[in-house]
Amino acid sequence: MNMAIDYVIAKQVSKHFGHHQVLNQIDLTLPTGTIYGLIGPSGAGKTTLIKSILGMEAVDSGTVKVMDTVMPNRAVMAQVGYMAQSDALYETLTARENLTFFGQLMSVPKIKLAQMIDYAAGLVDLTSQLDQRVSGYSGGMKRRLSLAIALVQDPQLLILDEPTVGIDPELRQQIWTELNKLKSTGKSMLVTTHVMDEAERCDYLMLIRHGIALAEGTPVALKQQYAVDTIEQVFLKAGRMQDANDGNR
Ligand SMILES: Nc1ncnc2c1ncn2[C@@H]1O[C@H](COP(=O)(O)OP(=O)(O)OP(=O)(O)O)[C@@H](O)[C@H]1O
């Protein structure tokens, strides 16, 4: 059983590119056994926040700790299952070879690696195509392989940037069922999504827009707070309120 710790603690994280403030004093705490969703429109700053948490993007101010360690830190980074928004795969290799390569890179012991490849491939429904070259894969298959790679090292913390883009609804359901199983073993996930029914499945949500954390809480609490029935409506209402506030300045 895992100790209840906060896997991620980000405090007052700010970041700009040129004159553009992309993150504005963001606080985020991700406890054990939690699926934390980041939702927001394109360009809101979700990927930049994720990269800042992973130590891949230097922040202007604020601090990030992952597994109680100040980031960036290579050893901690190696313990995080990260699925980037664009697939970084070796096209000339097969899916199994890709999984083996990344598993070895993450120092997964050989016996465990074979098991984890079978498990991860099964989870994303690629078992029968494992020995095909990735160059022949469709976009959705590549996305699924990237998710399998994030899982192959059996990480305690998964950071998934739009994991289900291009994946059909049935498989999306299966993947979410599995993410919930992983959660019940104490793993945590930070997930970005544009899909509102996925947002509803998260334990906790942050709505981010123009680099600002507009609202956060459990899906139920957010719906109550904004007196609406869906997360999509929360999102629209919070956005309108932000625009009205900006207009009043
Ligand atoms: N390396 C960079 N240099 C300059 N601007 C950048 C860089 N990376 C991101 N940006 C800008 O920062 C803003 C936030 O981008 P980010 O990718 O974090 O948004 P996002 O919420 O993840 O969007 P999406 O949902 O489309 O992935 C955008 O305006 C983007 O153009």
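Reader: Which residues in H5 are buried?

Author: In H5, the buried residues are Met141, Lys142, Arg143, Arg144, Leu145, Ser146, Leu147, Ala148, Ile149, Ala150 and Leu151. Residues are numbered from 1 along each chain as its sequence is written. The model is a predicted one, in which local features need pLDDT of at least 70 and side-chain atom pairs count only at pLDDT 80 or more, while totals for chains, interfaces and linings use all residues.

Reader: What makes H5 mostly covered?

Author: A residue is buried if 20 or more other C-beta atoms, placed from the backbone, lie within 10 Å of its own, exposed if 12 or fewer do, and partly exposed in between. In H5, 11 of its 13 residues are buried, and the helix is mostly covered. What covers these buried residues includes strand S6 (80-83), helix H3 (95-105), helix H4 (110-123) and strand S7 (157-161), where contact means C-beta atoms, placed from the backbone, within 7 Å.

Reader: Why does the span of helix H5 agree with what it should be?

Author: Helices are DSSP runs of H or I with at least four residues, strands are runs of E with at least two, and both are numbered from the N terminus. The expected span is 1.5 Å times one less than the number of residues. Helix H5 (residues 139-151) has 13 residues and should therefore span 18 Å, and its end C-alpha atoms are 19 Å apart, which agrees.

Reader: How do you know that S9 pairs with strand S10?

Author: Two strands pair if DSSP finds at least two bridges between them, and S9 and strand S10 (residues 212-217) have 5 bridges in the antiparallel sense. Isoleucine 208, for instance, stands opposite alanine 213 in S10. The two strands form a hairpin with 2 residues between them, and histidine 210 in the turn has a positive phi of about 50°. Strand S3 (residues 35-39) is joined to strand S9 (residues 204-209) by 4 bridges, and these two run parallel; leucine 38 has methionine 206 as its bridge partner in S9.

Reader: What makes S2 and S5 edge strands?

Author: The open sheet of 4 strands has the order S2-S1-S4-S5, with antiparallel pairing. Strand S2 (20-31) and strand S5 (69-70) each pair on one side only, and are the edge strands. Strand S4 (residues 61-66) is joined to S5 by 2 bridges, and valine 66 stands opposite threonine 69 in S5.

Note on methods
Two residues are in contact if their C-beta atoms, placed from the backbone, lie within 7 Å.
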